[in-house]
Amino acid sequence: MVTVNQQRVPRKRTYLMCSPEHFAVEYAINPWMDVATPVDRELAVKQWDRLRETLVGLGHEVHLLTPEPGLPDMVYAANGALMVDGSVYGARFKHEQRAAEAAAHRAFYESQGWRFIAPSETNEGEGDFAYVPEAHGGLILAGHGFRTEIPAHAEAQEALGRPVVSLHLIDPRFYHLDVALTVLDDSNIAYFPGAFSAASQRVLAQLFPAAVIADDADAMAFGLNLVSDGANVVLNSEATGLAGTLKAAGYTPVPVELAELKKGGGSVKCCIAELRH
Ligand SMILES: CN(C)C(=N)NCCC[C@H](N)C(=O)O
């Protein structure tokens with residue numbers, strides 16, 4: 001393994017999270033969910049709290065969305081919108097079990113006075129959209145194949161005024177972009193090529209020749225579902241292989257235990273929306 005002596009510089013972030021007070025696995029809308037597997041909600045809250053404290057400890061600001069009973073997936077706050085340059089493109093969930101979450105997110109963003117664009121097309125916010133601020137002048141990467149639909153990519157581009165690059169997800173285990181690809185800093189990403197169509201793999205290789213490449217085991221451990229401030233990379237503690245790769249690339253891995261929330265099909269990134277205001 002090559003060791004890179006690169007100085008990584010963190011940038012302070014503002015995040016949005018939602019406590020798993022009402023978390024449960026009552027329906028199965030992705031391959032990770034199994035209604036027969038018991039969930040320890042108290043433990044989920046503890047693990048989520050530890051994640052929130054970790055972000056605050058790294059110097060980031062965390063806003064909180066009020067959890068609502070009857071919306072057990074609301075803890076996955078990343079899915080409620082995509083915010084770029086102070087404008088917010090709202091979500092429209094694919095599955096009706098999550099549909100009502102969109103209004104809660106909208107109310108939050110509007111209460112802050114930020115420009116909110118209501119979507120007409122199905123999209124799951126930062127679950128399927130990733131923003132790379134300094135890549136090619138500011139690029140939105142967008143997944144489709146399982147949740148977000150292609151017309152939403154064009155709608156996001158019109159709403160936010162940044163080019164959107166469509167990427168085709170082909171493996172149901174990686175049903176959202178943020179389980180297969182992550183933004184490491186203002187210009188680089190990490191991804192698992194096998195989650196994408198051959199054509200989308202070529203697009204990613206062309207746009208990000210220096211990307212960190214993850215393998216199937218990293219992705220299966222939800223390693224790519226991480227949050228990075230450009231230097232500190234907060235990731236699922238099970239993703240030990242990816243943590244080593246990122247360390248060798250000059251990042252500082254910060255492992256967190258989120259086993260309970262994995263039962264709903266999400267990890268670190270799913271719990272965190274970035275507020276780019
Ligand atoms: C990393 N991922 C996939 C997320 N961004 N969100 C998790 C959503 C989980 C929820 N049960 C669902 O299936 O919608």
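Modeller: Bear in mind that this is a predicted model; with that said, the count comes to eight aromatic pairs.

Colleague: Take phenylalanine 174 and phenylalanine 192, then: how do the planes of that aromatic pair sit, edge-to-face or stacked?

Modeller: Phenylalanine 174 and phenylalanine 192 are edge-to-face, with 80° between the planes and 5.6 Å centre to centre.

Colleague: And which parts does the pair tie together?

Modeller: Phenylalanine 174 is in the loop between strand 8 (164-168) and strand 9 (181-183), while phenylalanine 192 is in the loop between strand 10 (189-191) and helix 4 (198-207), so the pair ties together parts that are 18 residues apart in sequence.

Colleague: Switching to the ligand, where does it sit?

Modeller: The ligand sits in the largest cavity, and 17 residues surround the ligand, the closest being Asn30, Arg98, Asp178, Gly264 and Cys270.

Colleague: What classes of residues make up that shell?

Modeller: The shell around the ligand has six nonpolar, seven polar and four charged residues.

Colleague: Which polar side-chain atoms lie by a nitrogen atom of the ligand?

Modeller: Aspartate 73 has one 2.9 Å from a ligand nitrogen atom, and aspartate 178 has one 2.8 Å from a nitrogen atom of the ligand.

Colleague: How much of the ligand's accessible area does the protein cover?

Modeller: On its own the ligand has 400 Å² of accessible area, and the protein covers 100% of that.

Technical notes: Residues numbered from 1 in each chain as written. Predicted model: local features only at pLDDT ≥ 70, side-chain atom pairs only at ≥ 80, totals over all residues. Heavy atoms only, no water. Near = heavy atom within 4 Å. Polar contact = N/O pair within 3.5 Å; in protein donor to acceptor, adjacent residues only side chain to side chain. Areas by Shrake-Rupley, 256 points an atom, 1.4 Å probe, with all protein chains shown as cover. 1 Å grid on protein atoms, 1.4 Å probe; cavity = no way out; pocket = protein on both sides within 12 Å on 5 of 7 lines; lining within 4 Å. Sits in = over half its atoms within 2 Å of the grid points. Nonpolar A, V, L, I, M, F, W, Y, C, P; charged D, E, K, R; others polar. Phe/Tyr/Trp six-rings, centres within 6.5 Å; stacked < 30°, edge-to-face > 60°. Helix = DSSP H or I, 4+ residues; strand = E, 2+ residues; numbered from the N terminus.
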